[in-house]
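Colleague: I want to learn how to read this model. Can we start with the ligand site?

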Amino acid sequence: MAHIQDYKQIMIISSDDNKNVESSNQLEAKETDFDKTFECSIRPKTFSDYIGQTELKETLSISIESAKKREQSIDHMLFYGPPGLGKTTLAGVIANEMGVNIKITSAPALERPRDIIGILMSLKAGEILFIDEIHRLNKVAEEILYPAMEDFFIDMMTGKSQATKNLRIPVPKFTLIGATTKAGSLSGPLRDRFGIIHRLEFYTIKELMDVLSRTSKLLDIKIDKDGLNAIARRSRGTPRIANRLIKRVRDYALVRYNSDINGQIANEALDLLKIDNVGLNPTDRNLLKLIIEKYDGGPVGIETIAAALCEDVKTIEDVCEPYLLQAGLILRTPRGRKVSPEGYRLLGITPPIMQGNLFE
Ligand code: ADE
């Protein structure tokens, strides 16, 4: 292969943007620096190790094989979906399967034009640039990216006032992989420049059990099938949460029972962590309770909910809501959020007879 290098290296270009750290429940799917280190050690490297997202894997394998046959870099890709479903992991797998390096960064780290220009100019042909939270890219960075993505050059101005000159600098044919929890917040022109756009889906219980089984072997945690099932059920369809919970359950089993993990121990440990049997944490339950008790089940606006729960809107929208919506516990209407009859039942409250059009 002419321009694709035969080595694999992951480089993480970290963000110094710690100003935007949000309040968070310790067991949510938000990624911390610790997670990054921990997950790096257990992250699958190949499609055969990567569990779940079956259809997506199949489509991506075809794109990769085709790019390899054509000896060209793979098309730019956009992955979207709730946090913790494996967007970064998947980018790493793609780089590994392509046999190329990946440079990992996130949009808040690309504040100044020179940040994005520096990274683009450091890329080699065929390499992958992964930009997390790509919806947070500022306008200037986006405009530098457009010609880089489309025609592989960047336009730079040099000199001052009358003496400015426009320099057109070529960049090697790279692949941009963007990840976002909010595909709708991406500007149209940026979205249109991705050749491959995919949504990552929540994992089934069976898939999460497979993820946990793999993790337990890598971390030398002894756990039986009931234990795997108990943790998987309470991981709200999210491998990052499952991988976090198994370690807390391991601690509980060791300290309280000096034993391996079984179903009963896992359930006890998760009860202690206040994760209920469908994976809801106290914030989720308080959200449902708030809408039911203070707003007659809704609709109520997201800002009101966030203020009442002392959480920020972004945490509610990006972390709590996706799973509550997927589980059918809340409904999104143009006038705000409503609790569904299932949401009422989950809290042991008889749902009122729903009248009128839910989507009004
Ligand atoms: N760990 C986290 N996500 C995973 C996945 N999709 N497959 C295997 N292990 C994982």
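**The ligand and its surroundings**

Modeller: Domain 1 (2-199) and domain 2 (205-272) each supply residues to the shell around the ligand, so the ligand lies between them. Domain bounds come from an automatic or database domain assignment. This is a predicted model: local features need pLDDT of at least 70, side-chain atom pairs count only at pLDDT 80 or more, and totals for chains, interfaces and linings use all residues. Residues are numbered from 1 along each chain as its sequence is written.

Colleague: Which residues surround the ligand?

Modeller: A residue is near a molecule if its C-beta atom, placed from the backbone, lies within 6 Å of it. Here the ligand is surrounded by I42, P44, D49, Y50, I51, G52, G86, T89, V211, R214, P239 and N243.

Colleague: How do the residues of the shell divide into nonpolar, polar and charged?

Modeller: Ala, Val, Leu, Ile, Met, Phe, Trp, Tyr, Cys and Pro count as nonpolar; Asp, Glu, Lys and Arg as charged; the others, Gly among them, as polar. The shell has six nonpolar, four polar and two charged residues.

Colleague: How many bridges join β5 to β6?

Modeller: Strands (E, at least two residues) are DSSP runs, as are helices (H or I, at least four), numbered from the N terminus. Two strands pair if DSSP finds at least two bridges between them. Strands β5 (residues 153-158) and β6 (residues 165-170) run antiparallel, joined by six bridges. T158 stands opposite K165 in β6. Six residues lie between the strands of this hairpin, where G159 takes a positive phi near 80 degrees.
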